[in-house]
Amino acid sequence: MPRRPVILFAAACAVIALALGLITMVVVGGRQQAAQTTDAATGQPLVGGPFTLTNQDGQVVTEKILEGKWSLVFFGFTYCPDYCPTTLGVLNAVQERMGDKAKNLQIVFISIDPERDTPQMLKDYLSSDGFPDGVIGLTGTPEQVAQVAKEYRAFYQKVGEGEGYTMNHGLTVYLMGPDGRFRSAVAHDLGPSRTVALIENAMEKG
């Protein structure tokens, strides 16, 4: 084969090899990225993670409080005019309908308003009539709250200035297994009966 065609052939092979290499990198990289967004053990999205917060009794706690029981985790604030008290009311109904099974279920309320929600404020708020028994209220520094919200992919945003500000926030309740890992999202408008069915179905699966 003449020298010039050999050089052209070799160059063409090099280009093809480079292209194949780039395609492989993109495909593998995409698979790795996808793998990083799901839990290898449960196949569920990676929701939840390490945190350090303070409960309504002033005790420092970590994500370890989620271990050993099923948990319903949601984000809100004590000055919330509608969603938070409504959700706590629904979860109270869920707790009542589950009967003895509710002993293996805890409710965790994480404040996204650390400026106002002190441990004592949470304690007073969560003791209100019509709310579930034994709710764990958590607050912390703005940095700690931002970190736990990031772990749960929970949106929140301060709106306004001065004493009259409010907070926008996501409406999802997160069902976590006794291993502390995410199992399912509970829509805010699911209602007590369907929420109980979802939780009990998850419990059966483990």
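How many aromatic pairs does the count come to in this structure? The count comes to 8 aromatic pairs, where rings of Phe, Tyr and Trp (its six-membered ring) pair if their centres lie within 6.5 Å, and planes under 30 degrees apart count as stacked, over 60 as edge-to-face and the rest as tilted. The model is predicted, so local features need pLDDT of at least 70 and side-chain atom pairs count only at pLDDT 80 or more, while totals for chains, interfaces and linings use all residues. Residues are numbered from 1 along each chain as its sequence is written, and side-chain values use heavy atoms, with hydrogens and water left out.

**First stop: F74 and F109**

Select F74 and F109. Their ring centres are 5.1 Å apart and their planes stand at 75°, so this pair is edge-to-face. The pair links distant parts of the chain, since F74 belongs to strand β3 (residues 70-76) and F109 to strand β4 (residues 105-111), 35 residues apart. Strands (E, at least two residues) and helices (H or I, at least four) are DSSP runs, numbered from the N terminus. F74 has 0% relative accessibility and therefore counts as buried; F109, also at 0%, counts as buried. Buried means under 20% relative accessible area, exposed over 50%, and partly exposed in between (1.4 Å probe, protein chains only).

**Second stop: F75 and Y174**

Next, select F75 and Y174. This aromatic pair is edge-to-face, with 6.2 Å from centre to centre and 90° between the planes. F75 lies in strand β3 and Y174 in strand β8 (residues 173-176), so the pair ties together parts that are 99 residues apart in sequence. Both F75 and Y174 are buried.

Now select R116 with Y79 and Y165. The charged end of R116 sits over the ring of Y79, 4.1 Å from its centre. R116 also lies over the face of Y165, at 3.8 Å from the ring centre. A charge sits over a ring if NZ of Lys or CZ of Arg is within 6 Å of the ring centre and within 35 degrees of the ring normal.

**Last stop: residues 83-98**

Finally, select helix α2 (residues 83-98), which supplies 4 residues, the largest share of the lining of the largest cavity.
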